[in-house]
Protein chains: 2
Amino acid sequence: MEKLTEKEIAEKLPNLKGWEHKDGCIQKNYTFKNFKQAFAFMTRVAFECEAQNHHPDWENVYNSVSIKLNTHDAGGVTQKDFDLAKTIQDLA
Amino acid sequence: MEKLTEKEIAEKLPNLKGWEHKDGCIQKNYTFKNFKQAFAFMTRVAFECEAQNHHPDWENVYNSVSIKLNTHDAGGVTQKDFDLAKTIQDLA
């Protein structure tokens with residue numbers, strides 16, 4: 001899986017809603033009604049991560065879930081990150 | 001729920017295994033065999049958090065789960081944090 005260039009990332013980002021390219025990752029913060037809703041979302045995402053064999057760096061504080069995606073083995077953002085981001089977006 | 005003093009926190013910490021008092025929280029990092037094991041642990045913890053109506057600031061990266069506990073309303077660490085930490089420790 002090849003690391004994407006800045007230009008490639010900039011071209012692909014508009015296909016996602018509200019995701020940013022920052023600190024070598026693509027990232028987004030999702031906010032829910034409460035903890036239960038936030039964790040239910042995380043659980044659905046967790047199954048998809050496992051299916052795609054690609055895992056986020058994510059943080060949860062009560063109703064908020066901050067997700068950062070990159071591909072450690074490639075040293076940057078790859079198509080795998082965009083694929084997972086799209087899946088996450090569809091679940092949110 | 002009263003904020004605990006530094007002295008009270010220092011006295012209570014040895015009752016937990018490997019938890020530290022840092023940045024106004026009590027915190028610990030747990031490491032598991034893989035993502036599935038880490039997220040299974042988080043799921044069990046999530047139900048207990050909801051039952052105790054007390055929620056962590058936690059981060060997951062693949063097989064690692066970093067947990068920080070404090071009581072926002074009290075502006076520091078309270079007995080609620082130690083109670084939840086004990087529950088988490090028993091589940092790990």
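How many bridges pair strand E2 (residues 25-31) of chain A with strand E4 (residues 64-69) of chain A, and do they run in the parallel or the antiparallel sense? In this predicted model, the pairing is antiparallel and covers six bridges. One spot to look for is A:Gln27, which stands opposite A:Lys68 in E4(A).

E4(A) also pairs with E3(A): five bridges join these two strands, and they run antiparallel. Within E4(A), A:Ser64 is the bridge partner of A:Val61. E3(A) and E4(A) make a hairpin with two residues between the strands, and A:Tyr62 takes a positive phi there, near 50 degrees.

Stepping back to the whole of chain A, the count is three helices and four strands. Reading along the sequence, the order of these pieces is α-β-β-α-β-β-α. As for its outline, the C-alpha trace of chain A spans about 35 × 25 × 20 Å along its principal axes.

Now for the strands of chain B. Strand E2 (residues 25-31) of chain B is joined to strand E4 (residues 64-69) of chain B by six bridges, and the two run antiparallel. Here B:Ile26 can be found opposite B:Leu69 in E4(B). E4(B) is also joined to E3(B), by five bridges and again with an antiparallel run. B:Glu59 has B:Ser66 as its bridge partner in E4(B). E3(B) and E4(B) form a hairpin too, with two residues between them, and B:Tyr62 in the turn has a positive phi of about 50 degrees.

On the chain B side, 16 residues are in contact with 16 residues of chain A. The size of an interface is often given as the accessible area lost when the parts come together. For chain B and chain A, the buried area is about 1,400 Å², and carbon and sulfur atoms give 67% of it. Looking at chain B, the residues that lose the most area to chain A are B:Phe35, B:Phe39 and B:Trp58, which together make up 34% of what that side buries.

Which elements of chain B each supply at least two residues of the side that touches chain A? They are helix H2 (35-52) and strand E3 (57-61) of chain B. H2(B) gives the largest share of that side, with eight residues. Sorted by type, the residues of chain B's touching side divide into nine nonpolar, four charged and three polar.

What about polar links between the chains? The number of salt bridges between chain B and chain A is zero. Two residue pairs are found in polar contact across the interface of chain B and chain A, both at pLDDT 80 or more.

Terms used: Residues numbered from 1 in each chain as written. Chains lettered and ligands numbered in written order. Predicted model: local features only at pLDDT ≥ 70, side-chain atom pairs only at ≥ 80, totals over all residues. Heavy atoms only, no water. Contact = heavy atoms within 4.5 Å. Buried area = accessible area lost by both parts, 1.4 Å probe. Salt bridge = Lys/Arg side-chain N within 4 Å of Asp/Glu carboxyl O. Polar contact = N/O pair within 3.5 Å; in protein donor to acceptor, adjacent residues only side chain to side chain. Nonpolar A, V, L, I, M, F, W, Y, C, P; charged D, E, K, R; others polar. Pairing = 2+ DSSP bridges.
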